[in-house]
Amino acid sequence: MIQVKNLIVSFGSGDFRRKVVKDVSFYVSKGETLGIIGESGCGKSTLLRSLAGLDRHWEGSITLGEKPVGRMRTREELLLAQMVFQDPYASLHPRHRIGRILAEPLKAMGLGAGWDKVADALRQVGLPPQFAERFPHQLSGGQRQRVAIARALILEPPLLLLDEPTSALDVSVQAEVLNLLSDLKEAHNLTFVLVSHDLAVISHMCDRILVMKDGVFVDELSQEDVRVRRTHSGYAQTLLEASLL
């Protein structure tokens, strides 16, 4: 589903040019959930934004669904992957009702007005259709993140990019959202890339885990490695020992 080769993401120019992601290569198989973990600022979210087409400051090659994509994406290419952001309040327009928020992606992609799909999109994430008339501030944090997930899925992408989807939520709500994502993945045969600094979340959701530090991958872990705290690099071991597992 994803093939990335020699990806470099940098900002600035000349003496002020700074590489955030430094020549990384990896793959994600169809139906797999790949986790990327590392400390804040190591390049995880920048990598995800490059995959989504939101960041164009990259070099190398990105292939999504066997289709090479460039920095400028066509509508067809944008439909391959959608993103769920960390903060569900900041990622939803505060002055738009939920119905408009959900219909907008379909309209933007030239797929109709979108209103006819709003009710089903809400039901899919466990929310009543009546929520279409509410504003984001009238919903709880968990409900807002469910709306964000519904917005990403309404375009029916095969690939979902998840940027710390539960870190802004209360602990009591995190498990509900993670279980929802697992159910949706199975129901729609989705492929996930999940970025987090929380190893407990990553190990619960992911088939494989890449450990990132200073813009490069320093280790790859399996669920078994996490379960028994067995790794191959000192940095990954430090993350395991600092986790809540």
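Begin by selecting R146, which is buried, with a relative accessible area of 15%. The model on display is a predicted one. R146 forms a salt bridge with E176, and the closest N and O atoms are 3.8 Å apart. Because R146 belongs to helix α5 and E176 to helix α6, the pair ties together parts that are 30 residues apart in sequence. E176 is partly exposed, its relative accessible area being 44%.

**Along helix α6**

Next, select residues 171-188, the extent of helix α6. At 1.5 Å a residue, its 18 residues should span 26 Å, and the 26 Å between its end C-alpha atoms agrees with this. Colour Q174, V177, L178, L180, L181, L184 and K185, which are buried. Viewed down the axis of α6, the buried residues fall within an arc of 160 degrees, so they line one face of the helix. An α-helix has 3.6 residues a turn, so residues three or four places apart point the same way. The face turned away from the buried side carries the exposed residues S172, D183, E186 and A187. Among the elements against which the buried residues of α6 pack are β3, α4, α5 and β8. Just after α6, N189 takes a positive phi of about 55 degrees.

**Back to helix α5**

Now select R144, located in helix α5 (residues 141-153). Beyond its neighbours within four places in sequence, R144 is in contact with residues including P88, Y89, L92 and H137.

**Salt bridges elsewhere**

The whole structure contains seven salt bridges. Select E32 and R208, which form one with closest N and O atoms 2.6 Å apart. E32 sits in the loop between β2 and β3 and R208 in strand β9, so this pair ties together parts that are 176 residues apart in sequence. E32 is buried at 10% relative accessible area, and R208 is likewise buried at 12%.

**A last stop at strand β1**

Finally, select S10 in strand β1 (residues 2-11). Is S10 buried or exposed? At 8% relative accessibility, S10 counts as buried. The S10 side chain makes a polar contact with that of R17, at 3.0 Å. Other residues that S10 touches include K19, V20, H57 and E59.

Definitions and conventions. Residues numbered from 1 in each chain as written. Predicted model: local features only at pLDDT ≥ 70, side-chain atom pairs only at ≥ 80, totals over all residues. Heavy atoms only, no water. Helix = DSSP H or I, 4+ residues; strand = E, 2+ residues; numbered from the N terminus. Contact = heavy atoms within 4.5 Å. Expected span 1.5 Å × (residues − 1). Buried < 20%, exposed > 50% of the residue type's maximum accessible area, 1.4 Å probe, protein only. Arc of directions from axis to C-beta. Polar contact = N/O pair within 3.5 Å; in protein donor to acceptor, adjacent residues only side chain to side chain. Salt bridge = Lys/Arg side-chain N within 4 Å of Asp/Glu carboxyl O.
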